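Me: I have just opened this structure and would like a guided look at it. Could we go through it together?
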Amino acid sequence: MPEDKPANEIPRGNATGFIKYLQYDFNSGFLVFLIALPLCLGISLACGFPPIAGIFTAIVGAVLTPFISNSELTIKGPAAGLIVIAIGCVQDFGGDGMTGGWTESDMAAYRAAIAVGVAAGVLQIVFGLFRGGILGEFFPVSVVHGMLAAIGAIIIVKQIPVALGVSAGGEPMEMIREIPHYLMEANPAIAAIGVISLLIMFLWPLVTERVTFLKKVPAPVVVLLVAVPMGMGFDLLHEHSYTLQGHKYQLSEQYLVKMPDKVFGMFNDITFPEFSVLAQGKAWKWILMFFIIGSLESVLSAKAIDLLDPWKRKTKMNRDLIAIGAGNLCASLIGGLPMISEIVRSKANIDNGARTRFANMWHGMFLLACVALIPFYLHRIPLAALAAMLIYTGYRLAHPNEFVHVYRIGKEQLAIFVTTLVVVLATDLLVGVAVGILLKMVIHIANGVSLRSLFKPYIEVQEIDENTSVIVARESAVFSNWLPFRRQIEQIGLIQQRNLVVDVSGTKLIDHSVMEKLEEVQRDFEQEGLKFEVRGLNVLEPFSDNVHATRKRRPKIMRRVAFTMESEYFPRLEERLPQSGASIFSIVPCNSSEGNSLIRIEIILSQQFCESFLEFIRQEVLTEKNIYACVDSIEIAQHESREA
């Protein structure tokens, strides 16, 4: 939270806010520009697009979307999360990007890909107009995290050859097997730039923790300050060779970013789509992937930034989706990459003290000025340095902590996460996400969720008083029936402005996704000054200790303690029964072979009371003769209401 945050004042991105917060937004826009410049170039190259395409997208996102979306702090632009789709689309249309040089087939594939981007942008606009911003509510959390981890792994694998100065391509699994070969074939000079750049990306956060005044200097800027002089030292601007340990290596401009060679030369690189490819069936596969994955990532990023916003302003997701669609439409029409609300740059925007959406605009203005006026200096940036930045980005997406975090939520969530990740690596994003969703449904059915409640929530609305309502949920509350469930919550609570209680005591299962969504809803109610409460979670058993773990109704486990004792000693035990917490007990007279008068006692105890009662038995009762005791666990079947 900014230290100089004004008390009781919420900044707004209007005409007044533009002037009032100019200092903060201008400063943040410049610092975000320093991060965005190399990332836009690197992401564009990784997508198989010309490097200038990423700059086009960032500029369009900065100039257009602030006037459509109400999101104050998100930065719109190209994102690493869409690299896998973009390069897949380019390759499907016969291109390979900059691998082996820019050819006519690469240009044709590029024009086909931006036509796909235009169509995806139109779909996003239509979806936003029809209130499709709720799309992000459907996808299970573990599936989304598995998809992002897979994207991270693919980015790493695809960029390793670039960082080493090796030309390579192929499917992710194939490239993983080839990593030892890439290391053997590495160009030492280029690899030195790549490795040092990667070390800076990983070590710079540790440096800034110790030297706090350096926190304002982004790691990508430090990489450029080191990598560009290294490239000049290796004389990459001129084609030549060098020999090292008996091996001859080539160096040339192919290892530098290709940029216009004159002022305002960027406008000569504007490229128009080839719309005829939309008649091909394969084009619509990529349109759907750009539309679904891009929209999902953008909605999730906007939600994450809302949580980080010091003023807790809330983005209207439908409006934001329209803005993203309009941005994609316009950017693709001039040859730009697809865009989303990008979370890394948005987080930097917050950390640098931005107040309104005009910080996004200023970062785009700086990009425009830089690329239009000094493109020949950008040409000196080594590709290996950009690849190192993307490897670091991929590592953050597929961080080992993600696996640990998901495992702590539940083993079944880890199974879904890993399955999604592996299938995405082996096939593609849509298939991986579909398999992850299918697996989650199978797990739900195995845990007792009926087919009828898999997509339909069984809920009943009751009124407590004039200000408060109760939603009683039955059967199940899972990701696949959450959308109608949420609509009911919003209608009763946020639209009618009523306090709301959600009673889940009658459900069989609440999954991890819904547990997280209920927490999000609670924050929405708090922002509106309303009360939101979830009741009945205590009667459901969580799959782990995590607060968001899936919860399931299980048979109640009780302890049965059975005694056979001489009746004369029973009064001592009888005195203890009222304090024992016994829910059920029985006393049956019986006789021993010795002719003694005995009684058999069975007591049903909760696990909570059982240990203290057994201690009493050991110390006070089992010291007498002719007393026998046994203990076992039993399941108590509970009646469940079938009312819907």
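Reply: Helices here are DSSP runs of H or I with at least four residues, numbered from the N terminus. One of them is helix H15, residues 375-378, where Phe376 is found. Please keep in mind that this is a predicted model.

Me: Which residues form the nonpolar patch on the surface?
Reply: The patch consists of Val263, Phe264, Phe267, Leu373, Ile374, Phe376 and Tyr377. Together they have about 650 Å² of accessible area.

Me: Let us go inside. Which residues touch the most other members of the largest nonpolar core?
Reply: They are Phe49, Ile83, Ile85, Phe93, Val116, Met147 and Leu429, in a core of 63 residues. At least two residues of this core come from each of the helices H2 (22-46), H4 (83-92), H5 (104-129), H6 (141-164), H11 (281-308), H18 (411-426) and H19 (429-446). Apart from this core lies another, of 48 residues, which includes Ala58, Leu214, Val257 and Val371.

Me: What is Ile83 in contact with, beyond its neighbours within four places in sequence?
Reply: Ile83 is in contact with Ile43, Ala46, Cys47, Ile155 and Leu390. As general background, nonpolar side chains in soluble globular proteins tend to be buried together.

Me: Now helix H12. How many of its residues are buried?
Reply: Of the 17 residues of H12, 12 are buried, so the helix is largely enclosed by the rest of the structure. Among the buried ones are Met317, Asn318, Asp320, Gly325 and Ala331. The cover over the buried residues of H12 includes helix H3 (51-64), strand E1 (75-77), H5, H11 and strand E4 (340-342).

Me: And how far does H12 reach?
Reply: From its first C-alpha to its last, H12 reaches 24 Å, close to the 24 Å expected at 1.5 Å a residue. Gly335, with a positive phi near 100 degrees, follows H12.

Me: What does Gly325 contact, leaving aside neighbours within four places in sequence?
Reply: Gly325 is in contact with Gly121, Gln124 and Ile125. Gly325 is buried, with a relative accessible area of 0%.

Me: Thr57 and Val60 belong to which buried set?
Reply: Both are among the buried residues of H3. That helix is mostly covered, with 12 of its 14 residues buried. The buried residues of H3 pack against H2, E1, H5, H12 and helix H14 (358-373).

Me: Changing topic: how many salt bridges does the structure hold?
Reply: The structure holds 19 salt bridges. One of them pairs Lys303 with Glu137, with the closest N and O atoms 2.0 Å apart. This pair links distant parts of the chain, 166 residues apart: Lys303 is in helix H11, and Glu137 is in the loop between H5 and H6.

Me: Are Lys303 and Glu137 buried or exposed?
Reply: Both are buried. Lys303 has 19% relative accessibility, and Glu137 has 3%; these values count as buried because the class covers anything under 20%.

Me: With which arginine does Glu137 form a salt bridge?
Reply: Glu137 meets Arg486 in a salt bridge of 3.8 Å, N to O. Arg486 lies in helix H21 (residues 482-495), 349 residues from Glu137. Arg486 is buried as well, with a relative accessible area of 7%.

Me: Which residues are separated by about one helical turn in helix H22?
Reply: They are Arg523 and Glu519, because they are four residues apart in helix H22 (residues 512-527). These two form a salt bridge, with the closest N and O atoms 3.5 Å apart. Arg523 is partly exposed at 26% relative accessibility, and Glu519 is partly exposed at 31%.

Methods:
Residues numbered from 1 in each chain as written. Predicted model: local features only at pLDDT ≥ 70, side-chain atom pairs only at ≥ 80, totals over all residues. Heavy atoms only, no water. Core = buried A, V, L, I, M, F, W, Y, C linked by side-chain atoms within 4.5 Å. Buried < 20%, exposed > 50% of the residue type's maximum accessible area, 1.4 Å probe, protein only. Contact = heavy atoms within 4.5 Å. Patch = residues over 30% accessible without salt bridge, like charges linked within 9 Å, V, L, I, M, F, W, Y side chains within 5 Å. Areas by Shrake-Rupley, 256 points an atom, 1.4 Å probe, with all protein chains shown as cover. Salt bridge = Lys/Arg side-chain N within 4 Å of Asp/Glu carboxyl O. Expected span 1.5 Å × (residues − 1).
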